[in-house]
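Student: I have not seen this structure before. Could we go through it by question and answer?

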Amino acid sequence: MLQVAYALIPGILIFSWLFGWGVIINILLASVTALTTEALMLRLRQRPVKIFLSDGSALVTALLLGLALPPLAPWWLILLGTAFAIIFAKHIYGGLGFNPFNPAMIGYVMLLISFPLEMTRWPAPLSLSDAHLTLSQSFAYVFSGHLPAGIRLDALTMATPLDALKTNLGLNQTIQEITTRPIFGSIAGTGWQWLNIAFLAGGLWLIHKKIISWHVPAAMLGSLALISLLFYIINPATYSSPLFHLFSGAAILGAFFIATDPVSCATTPKGRIYFGIGVGILTYVIRNWGGYPDAIAFAVLLMNMAAPTIDHFTRPQVFGHGGK
Amino acid sequence: MIRKLFSFKGGVHPPQNKHISTQQPIQAATLAKELVLPLHQHIGESAVPIVAVGDQVLKGQKIARAEGYVCASVHASSSGTVVAIEERPIPHPSGFSAICIVIKTDGEDRWIEPTPEALPYTEMPVSHLRNLIRTSGIVGLGGAGFPSYIKLNPAGVNIDTLILNGVECEPYISCDDMLMRERPEQIIAGAKIMRHALQAKQVLIAIEDNKPEAYATLVKACANEDFEVIQVPTLYPQGGEKQLIKVLTNKEVPSNGLPVQIGIVVHNVATAAAIHNAINLGKTLVSRIVTITGDGVAKPCNLDVPFGTPMRHLLDQCGGLRNDVDRIVMGGPMMGFAMHSIDIPVVKTSNCILAATKANVTPPSDIMPCIRCGACADVCPVALLPQQLQWFARAKEFDRAQEYNLFDCIECGCCSYVCPSNIPLVHFYRYAKTEIWAQEREKEKADQARQRHEFRQSRIEREAVEKAARLAKKKAAAQGDNAKKKAIQAAMARAKTKKFDPGNAPKNTDNLSESQQQQVNKADEMRAKAEQIAASRRAQAQAAMTEKTVKTNSDRPAAKKDEKK
């Protein structure tokens with residue numbers, strides 16, 4: 001599991017280079033909360049604390065949640081989400097190996113539904129904003145909500161590319177019009193594309209190290225690309241390109257780091273392909289026709305529900321049972 | 001011609017560690033003072049002792065005879081005196097004890113005079129050849145210990161291929177390797193006998209490419225034979241019969257089936273050598289090559305060990321154990337099991353004694369929960385889903401485990417080997433299998449009890465019906481009496497008016513009401529039926545008795561007949 005954490009490092013670095021100290025603060029807060037809650041729950045459940053803490057699973061949950069939450073979000077949001085993920089999505093079900101749902105995504109969705117305002121207040125990429133917060137200013141803002149004199153909240157925040165796309169499509173603009181805004185870069189969103197390339201690098205390294213198998217990422221990104229290509233060909237004015245879908249939002253992070261969580265994913269090789277396809281298609285459906293701009297968390301959780309059934313119907317043919 | 005090889009799914013490449021024990025030639029084990037020979041050293045039923053305490057025995061003399069179809073004889077592995085026939089600890093994962101014949105050796109190691117066969121094996125009836133192999137106590141020496149004569153019976157199938165298994169895929173073990181290097185002529189001579197018994201069209205000898213010396217030796221020794229020596233790429237568990245068949249022929253032995261069904265028979269190379277010794281030299285199976293190895297042994301090597309030699313004796317001969325030894329394993333690190341003591345005898349299936357140090361063993365504290373990563377499913381050579389099976393075994397959902405083909409598991413240990421959570425998966429499957437067997441036995445018992453109960457119930461019902469019938473009959477008779485009285489009165493009344501005519505006198509069954517008549521009929525039917533049942537039961541009981549007597553009387557001839565099969 002620790003290798004999964006290592007694989008996230010390039011993404012974390014690019015993310016904080018793009019969005020500032022808020023990213024690091026998110027991750028720090030989430031990690032401290034996750035490890036403390038994990039230790040507390042293990043204690044309560046009378047399990048060996050040291051062994052289970054060092055398996056790295058709580059840390060990975062914290063990292064994923066820290067990356068998924070908007071930088072510079074108030075401290076209590078991160079604490080609440082992380083603690084909820086560890087306590088309710090993991091330990092209530094029996095701890096490591098027994099959770100049917102991805103804990104980080106449960107934490108994320110709980111926050112998204114309960115605190116939509118805080119959850120959608122994304123900061124602008126530093127390159128597009130004049131207002132830069134220092135480390136101490138960021139800390140002060142996260143913990144007290146006070147901005148330094150001269151910096152207004154509007155200067156800090158900006159809609160994410162997926163959000164901007166959704167809102168403006170709702171205003172009957174075409175994609176070509178929308179994407180002329182500075183938030184949209186050459187492939188996807190400004191900065192977002194580099195972030196996703198960093199996640200992609202980490203993910204490919206995980207496959208190379210055989211920590212994860214290629215099935216889920218390939219199936220998920222493949223199906224997302226295919227379905228978006230299909231609609232893009234039909235009407236490029238209202239449906240954005242496959243590259244945009246792959247490289248903005250959390251598609252790459254989701255494909256390599258979230259949907260691949262072995263505990264809540266399907267476990268047969270064939271099943272993992274179906275699982276990935278399901279996540280890819282659901283992501284596209286929710287992004288286009290659902291109420292939220294991004295959909296990885298919902299898509300993953302929905303497919304988590306289907307995993308046992310998928311496993312049941314994708315059992316490999318056993319040696320000596322009607323083969324050659 | 002280079003044969004096209006195939007592959008089976010999965011498999012692992014654990015560190016081989018075979019060189020540890022191949023540095024020296026095979027040495028003879030020194031003679032232990034006491035040899036402990038279990039009656040059960042093979043798959044199947046226990047052999048039956050034919051010596052008594054105090055008897056003098058010679059090396060190679062039969063001391064327990066095979067009884068039943070799946071069984072093998074046991075022979076004295078050195079000369080001496082039988083000092084006990086009693087329960088002693090045997091090599092078993094649970095540390096069981098079982099009946100053993102204990103021989104105090106006299107140090108002379110004197111062979112019994114072989115009884116020469118009148119005909120060479122090529123001219124004797126094949127059934128006789130198989131019987132010789134059976135009475136020589138030969139079982140599969142690869143580790144499973146299945147009586148070899150059974151696997152030399154083509155059972156009406158045309159045998160296409162005889163495969164000699166020199167794969168020895170399990171790490172650390174090198175007894176077959178050393179045998180192939182040093183005694184190839186024995187293997188080839190044995191293979192010829194096997195081929196003759198099976199009338200196999202071709203003979204393949206498979207050796208993994210981590211044993212180049214053995215391969216070269218056998219290729220040279222087979223120069224004048226039409227046997228094909230094949231080098232297969234090293235991959236555990238290729239030595240598994242069904243896996244090896246897949247690699248060499250691309251055929252899958254059906255689940256629950258035997259290779260013979262698809263015209264293939266696989267024997268271990270050491271079994272071939274043992275058959276050569278038995279048929280060509282008249283020497284029964286009294287010893288085998290055992291690899292004494294592991295980081296915990298001072299001088300690892302291969303020893304030619306008489307059966308019954310205590311493992312402690314062999315470990316001492318190899319320079320004793322190091323201080324940090326954690327456990328002694330019989331077999332290899334993948335499929336072997338830890339011994340509860342080293343005062344346990346070497347038996348026919350003991351291919352290796354592995355002294356593992358603490359550093360070699362995963363401490364139980366490192367076992368973590370399953371995270372369903374599926375690494376086990378990737379390496380399973382049978383294409384099972386070990387992660388799901390362990391879940392079902394843990395939850396005691398045995399029917400689900402069977403639905404997921406638990407019984408196709410060959411317990412090769414690949415899954416446990418790759419598990420990142422260090423879960424001893426195979427233990428879960430063994431547990432589930434034994435639980436299912438226990439449940440089946442329970443069910444059998446319950447079925448028998450139910451049958452007995454149902455039989456009793458039907459007997460009680462039948463008796464009740466009989467009783468009712470008897471009562472009905474009595475009642476009918478009584479009613480008949482009443483009718484008679486009435487008739488008499490009527491007759492007397494009539495007689496008063498006219499003269500009595502005896503021919504007109506009514507019978508007691510005349511003038512019955514319809515229901516009365518039915519009752520009588522029913523009672524008659526019941527009586528007939530009851531008599532029938534009783535008669536058939538008497539006949540059955542008699543038949544059973546006769547059979548039993550015949551069986552007890554003819555136990556020996558029956559066993560002999562089996563041997564000749």
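**Helices, domains and cores**

Tutor: In this predicted model, helix H13(A) crosses helix H16(A) in a right-handed sense.

Student: At roughly what angle do the axes of H13 and H16 of chain A cross?

Tutor: Helix H13 of chain A covers residues 215–234, and helix H16 of chain A covers residues 269–289. Their axes come within 7 Å, and the crossing angle is roughly 35°.

Student: How many nonpolar residues does the contact of H13(A) with H16(A) have?

Tutor: On the H13(A) side the contact includes A:Leu221, A:Leu224 and A:Ile227, and on the H16(A) side it includes A:Ile273, A:Phe275 and A:Tyr284. By class, the contact has one charged residue and seven polar ones, and the nonpolar residues number 15.

Student: Which helix gives the largest share of the side of domain 1 of chain A that touches domain 2 of chain A?

Tutor: Chain A is split into domain 1 (1–157) and domain 2 (161–188 + 212–315), and their C-alpha centres lie 22 Å apart. The contact joins 16 residues of domain 1 of chain A to 15 residues of domain 2 of chain A. Helices H1 (2–19), H4 (57–68) and H6 (103–114) of chain A each supply at least two residues of the domain 1 side. The largest share, four residues, comes from H6(A).

Student: How many charged residues are on the side of domain 1 of chain A that touches domain 2 of chain A?

Tutor: By class, that side has twelve nonpolar residues and four polar ones. The number of charged residues there is none.

Student: How many charged residues are on the side of chain B that touches chain A?

Tutor: The contact takes 18 residues from chain A and 24 residues from chain B. Of the chain B side, 13 residues are nonpolar and seven are polar, and the charged ones number four.

Student: Which residues of the largest nonpolar core touch the most other members?

Tutor: In soluble globular proteins, nonpolar side chains tend to be buried together. The largest nonpolar core here has 230 residues. Those touching the most other members are A:Met105, A:Val300, B:Ile163, B:Ala206, B:Val290 and B:Leu314.

Student: How many residues are in the other core, which lies apart from it?

Tutor: Among the members of that separate core are A:Trp122, A:Leu156, A:Ile183 and A:Phe184. The number of residues in that core is six.

Student: Which residue with a positive phi follows H1(B)?

Tutor: Helix H1 of chain B covers residues 126–135, and its buried residues include B:Leu129, B:Leu132 and B:Ile133. After H1(B) comes a residue with phi near 75°, namely B:Gly137.

Terms used
Residues numbered from 1 in each chain as written. Chains lettered and ligands numbered in written order. Predicted model: local features only at pLDDT ≥ 70, side-chain atom pairs only at ≥ 80, totals over all residues. Domains from an automatic or database assignment. Contact = placed C-beta atoms within 7 Å. Nonpolar A, V, L, I, M, F, W, Y, C, P; charged D, E, K, R; others polar. Core = buried A, V, L, I, M, F, W, Y, C linked by C-beta atoms within 7 Å. Buried ≥ 20, exposed ≤ 12 C-beta atoms within 10 Å, placed from the backbone. Axes fitted to C-alpha atoms, helices over the stretch in contact; angles between N-to-C directions. Left-handed = near helix turned anticlockwise from the far one by under 90°.
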